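Try each one before reading its solution.

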Amino acid sequence: MCGILAVFGCIDSSQAKRSRIIELSRRLRHRGPDWSGLHCHGDCYLAHQRLAIVDPTSGDQPLYNEDKTVVVTVNGEIYNHKQLRAQLKNHTFRTGSDCEVIAHLYEEYGENFVHMLDGMFSFVLLDTRDKSFIAARDAIGITPLYMGWGLDGIADYPAGSIWFASEMKALSDDCERFMTFLPGHIYSSKEGAIRRWYNPPWYSEQIPSTPYDPLLLRRAFEKACSGLSLYSLNSAVLKRLMTDVPFGVLLSGGLDSSLVAAVASRYLAESEAACQWGSQLHTFCIGLKGSPDLKAAREVADYLGTRHHEFHFTVQEGIDALEEVIYHIETYDVTTIRASTPMFLMSRKIKSLGVKMVISGEGSDEIFGGYLYFHKAPNKEEFHQETCRKIKALHLYDCLRANKSTSAWGVEARVPFLDKEFIDLAMSIDPEWKMIRPDLRRIEKWVLRNAFDDEEKPYLPKVIHLLLLNMFNHGLMLYIILLFLSQKEQFSDGVGYSWIDGLRDHANQHVTDAMLMNASYVYPENTPTTKEAYYYRTIFEKFFPKNAARSTVPGGPSVACSTAKAVEWDAAWSKNLDPSGRAALGVHAAAYEEAADPKPAKPMNGLRLITDNEDLAIKLCCGEPCRLTS
Amino acid sequence: MCGILAVLGCSDDSQAKRVRVLELSRRLKHRGPDWSGIYQHGDFYLAHQRLAIIDPASGDQPLYNEDRKIVVTVNGEIYNHEQLRKRLKNHKFLTGSDCEVIAHLYEEYGENFVDMLDGMFSFVLLDTRDNSFIAARDAIGITSLYIGWGLDGSVWISSELKGLNDDCEHFETFPPGQLYSSKSGGFKQWYNPLWFSEVVPSTPYDPLALRLAFENAVIKRLMTDVPFGVLLSGGLDSSLVASITARHLASAKVAKQWGTQLHSFCVGLEGSPDLKSAREVADYLGTVHHEFHFTVQDGIDAIEDVIYHIETYDVTTIRASTPMFLMARKIKSLGVKMVMSGEGSDEVFGGYLYFHKAPNKEELHRETCHKIKALHQYDCLRANKSTSAWGLEARVPFLDKDFINVAMAIDPEWKMIKPEEGRIEKWVLRRAFDDEERPYLPKHILYRQKEQFSDGVGYSWIDGLKAHAAQHVTDKMMQNAQHIYPHNTPSTKEAYYYRMIFERFFPQNSARMTVPGGPSVACSTAKAIEWDAAWANNLDPSGRAALGVHLSAYSHQAATTTAMKLPSKVIDDMRRMMEISTPELAISS
C-alpha cells in the first residue's frame, strides 16, 4: 500500500502551505515508508508516500505521462498493467511501476478508463493542461479513500479546496467537511460530481440463475480464467503473486485463508516472484498462547509445507495497542476493533521479518453468505440480496480492517476473494446453491468447499476436508475431532477466547454505569450501547473529534454482523434492535440451548460462540443428538 | 537502534498514565519499528521500541534477570556479550539478546559494571527489590539519551528529546560516559580512560598496532543476525571501513546467513563528487553498490522532518543530516537494518581544516580530546538520529573504546599536519593502512583529501539551502533575532530558518539548551579559535571570518579555483582549499 494526499484549489501556494501538505502527508507515512514525493502545480498538490512492491528502484511517485502534463498519485496495485501496456503501444513508459499505466490510459481514453483497471487502487489524477482532475476508488473499496472540502474557497473552487486522502487523519484537521469516498466511484472536476464506474450485473441485486459449476469457480480462484481478453489470464490468487519483494499469506487456519494458502503454495513455483524469493511460501498466524487459530493454522501449514511463523500476544499487549489501533483504522465499530488489534500486532512482526506483502482471505463470508445469521435466510432472493449488501458494505468493515491494520506497518494486504472477475462469477451463481441446507448436507460456503474438494490432489488436509463436507454423516468422535481441528472461528475469537473477555473487563473497569447511562447525550449519533463500545468511542473522539469523522463509521441495527435489512429475517431479532446482537443471543440460546451447554462459563461470548461454531449450530439445526463430552 | 523511555516514580499508576507513557513511547517508534514492550511496576514504567538486530525471534524487551526482579530497557549493542555471558556461568539467560547481560551483570556486580560493556548503549535498569534504578550512556554518546525531571518528583529517561520534552519541567542531555543512580541521586563518571584527563601522551606511533586496533573494531561490529551494509562516501574514513568489512566479511558469522558480498550505499545530488569517489572505491572493493540521488527540493522538503528527528538547530549538523536521512529511508526500504559508518575519525586524528593551524602538539591533542567529548552533540547525534529515523542502526568503529585508547595514546606530534614532510591530515591513519602487498585501498584513494559530507553530496546543496532560507527569512527578522532568540542567537538566515522549525517542535527552554552554540570556526571548539589572531577577532560562528584568513593566506592559489567565482560557496569549501595548500595533491577540477 501507499499513502496518497491531494489538494486542489487552496487559497495560497506559499511555502507554509507546501510545508503543511508535507506534514499532513507524513501522517500517511506508515502506509508508504519507502519514499515520498510531492508534485505541486500552482494551487494543486499531489503527495505520495510509497511502499515499493513493484519496481522498487524506479517507481517513485507521483507518476507522469510522457510530456509530464498528466500527473497521478496512486495507492494500489494494477494486476493487469502488462496487458494494458501492451494495448498502449504508442506510449513510452518512464518507469516499471504498475501504476504508471493510469496516466497513459487517461491520455488515451479520457475519464472513462477506470473499469479497465484490474486491481485495488485509489488514485488522483491531475491534467495540468486544463487543471482538471479526477479521483477514483476500486470496485469494492479494498484501498481506503476519503474526500473533503476546505473553507478556503477561491474563484475556481467556490465550495472550498477539495481534498483526497488515503486515510482520514490526513484531511480531518484541515477540512470543514469530509466523507468516505464511495468504492467503485469516480469524481470528475469537470462534472463536479461523483458517479459510479463499477457496474457489474450483481450490483442491481437481481437474482441470478447460472447453475453452480464447481470447476469454473475453482478455476476463477485458482488457475487460468476462461480468458476475458482485457484482463490478465491469471486467476484471482495467481495474479496477486505479482511482486518484486518478499511476501506471505495470512493463515488463520479457517477455510478461506487455508484455501488462499493452498492455492498460493501450489502455484508459487510457477510465478515470477518465486525466481527472486524462493518457492517456499511463508505463512503467518497470530493468537494468544494456545489459541484455536494457532493450532488450526499449524495443522494447515504442516500439510502444505509452508514456512510457518506463529506470533503470540498477550491480552495486555492488545489492550496497550488499542489507542494506536483506533488511530490507524479510524473506526469505533466494536467487532472491527476487536479483529483489527491482533492483525495490527501481527503486521508489525511480519514487517520486521522483511515481508512487505501478504495475501489474505477477506470477502469470502460476504460473497458466499458465511455468517451465522445466513442460516435464517428465508429464501434465496433474500439470501442473495443480503450478500450483495454485505459486499457493498465491505469497505466499511473487513476491507477497512485488512487494509489499515496492515498498512499501519507498511505491509500490503491483497484479497483474492475480492477479485472483480471472481466476484462476477461467484455472484452469478443461482443463490439456491448458497442456501444453507442441512437436509442436503450443505453447510455455509458449501459451494466454495465443494469446488475445492479434489479427491486426487487435495487442497487441504483430508481429515479436515472430509469432516467439513461429510460431518452430517459422522458420529460423536469425528465431531470432537472436528472441533479441535477445523472448527471455524471468527478472527477475534480464534485468536483466543480470553481476548474478547479481556477487552470487556478492561472497558468495564474504565467506563462506569453512569457514563453509559448518559451515552445518548454525549454521543447522540451511533450511541454506544456497551461499555466496550463506549470505551472505543472515547478514544476515537480524541483522535477524530469532528462530526464528519463519526459519520464515516457505520452504525444501525445489526445482529451478528448482519445488515439492518436482514434483521427482519427473524421476528425475535427485529423486536429487539440491540445492535450488539445480545438480543439475538437469547433467540439462539433458546434454540440451541442444549448446544450452548458445553461452554456455560462464557455466557457473554455466547453469541460469538454460536456464531463461530456454525458447524456446531448446523449440527444442532438438523436435530442430531450429539453432546460434547469435554 | 531501539527507543527507550522510562518514567520513574511518578506517583501515578493509573490507566491514564500508562496510556500516556505508551503514547510518548510511540514517538520513538521510528527507532524500533519491530516490536514494543512496556513494563510497569507501580509508578515505575519502562517502555521499549525494538529494532531487532540480534536474536529477532526472542529478544523482545524489556529484559529480565532470572527471577524477574531486575528489569532493563536497553538501546544499543553489546559487542562483548558472549564473553560476558561466559563470565556469568551461574546465571541463566532467558533470551539470546546481547542486552540481557546487563541485568545479570547488575545482579552480580551492583552498579559498577558499566565499564565492562563494550559497545554503544543507553539503558535504564530498575531493581524492583528496592525500587532503585540506574541509567547509563555509552562512553562517547553514540546512542542518544536525555534525562528529565517532572514536577511530580519523577525522573524521565528517553532516547530522544521528543519522548519527554512535553512532560518534564526540566530536561537535559544525558552526559555520555556517565551513570545516574537513584540511590545517590546524581551522576557518576564511569568512563575514565587515560586520554580523558587530556594529558599529552608520548607513546610512539606504531602503524601496525593502530591498524590492528581498527580492524578489531570493525570485526566486532559484524555481529548481526540481519542484512547490513556500509555507508560509503568515498572519503578515507568510510572507504577504510568498507575495505576492512569486505575483507573480513567472509569469515564472519553473519556471512552464513546473508552472503559474503558487501552492500555499500552512497547518496548525492546527481553528478556529485561523493557519488563518483564512492563508485570508484566500490568498484575497487567489489561491493554491491547502491547509489541514491536526491534533488535540492527533496532535501528542502525534508528539512522539517530532519529537524524533528535529529533535534538540533546546529547548521552544519542539519546540512549533513538531511542527505543521510534521505539515504537511510532508501536503505531501509531495501531491507537493510544496520550500516557501518565512518564517524569519529576526524575528531580522533584531527582531520578538520582548522587543525592546519594548530600551534603545537599539546594544543592539537587537547583539541582532539575536546572534539571527541563533544561528538555526542554533533556527528554522533547526526549519525544516530538520521538513521534511526527510519529504523536503521549506524555502527561507528572509529569510536570503539579500545581503538580510541590506542589512537589517543599516540604522541600527538605524529598527528600534526606538516605539508613540508608530506603529512596531510589523518596521516597516521593513512599510513597505518598503506600496505604494499595487500593494499586496503589504492594509493590515490588512501591519500585523497575529500569533501566534507555536506559538500560531497553536491555543491548546490548548501547553496540551495541558503537560497531557500534567504527567501523565507527577511532582513528585518534577522535584525530582531537576538531579541527573539537571546540564547544561541542565529547569525545567518539559514540558522534562523532552522531555529524557527526547531522552536516549533521543541518550544521549551530546556530543549534549546541541549543544542551547543558558541564561537566556532569551521567546526572548531571555542578554544581553538585562539589559534589564529584573525579568528579570535571575528567570532562569527558561521566560519565566514575564517574565510577571509584563508582566502588571503592562499589567495594566489584560490584564485584559480571556481570557488572564487562563487563566494557564497567558499565558506563551505575549506576542504577543497586545503587541497590547494597541500603540494603533493593536484586539483583535478
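**Ground rules.** Chain B and chain A bury about 2,700 Å² between them, 44% of it on carbon and sulfur atoms; buried area here is the accessible area (1.4 Å probe) that two parts lose on being put together, summed over both. This is a predicted model, in which local features need pLDDT of at least 70 and side-chain atom pairs pLDDT 80 or more, while totals for chains, interfaces and linings use all residues. Residues count from 1 along each chain as written, chains are lettered from A in the order written, and side-chain values use heavy atoms, leaving out hydrogens and water.

**Exercise 1.** Work out what chain B brings to its interface with chain A.

*Solution.* 
- Start with contacts (heavy atoms within 4.5 Å): 29 residues of chain B touch 30 of chain A.
- Next, look for salt bridges (a side-chain nitrogen of Lys or Arg within 4 Å of a carboxyl oxygen of Asp or Glu). The rule finds 8 across the interface; one of them pairs Arg18(B) with Asp320(A) at 2.5 Å, N to O.
- Now sort chain B's side: 12 charged, 9 polar and 8 nonpolar residues, where Asp, Glu, Lys and Arg count as charged, Ala, Val, Leu, Ile, Met, Phe, Trp, Tyr, Cys and Pro as nonpolar, and the others, Gly among them, as polar.

**Exercise 2.** Is Ala533(A) buried or exposed, and which residues does Ala533(A) touch?

*Solution.* 
- Ala533(A) is buried, because its relative accessible area is 11% and the cut-off for buried is under 20% (1.4 Å probe, protein chains only).
- Leaving aside residues up to four places away in sequence, Ala533(A) touches Val334(A) and Pro528(A).

Note on methods: Buried means under 20% relative accessible area, exposed over 50%, partly exposed in between (1.4 Å probe, protein chains only).
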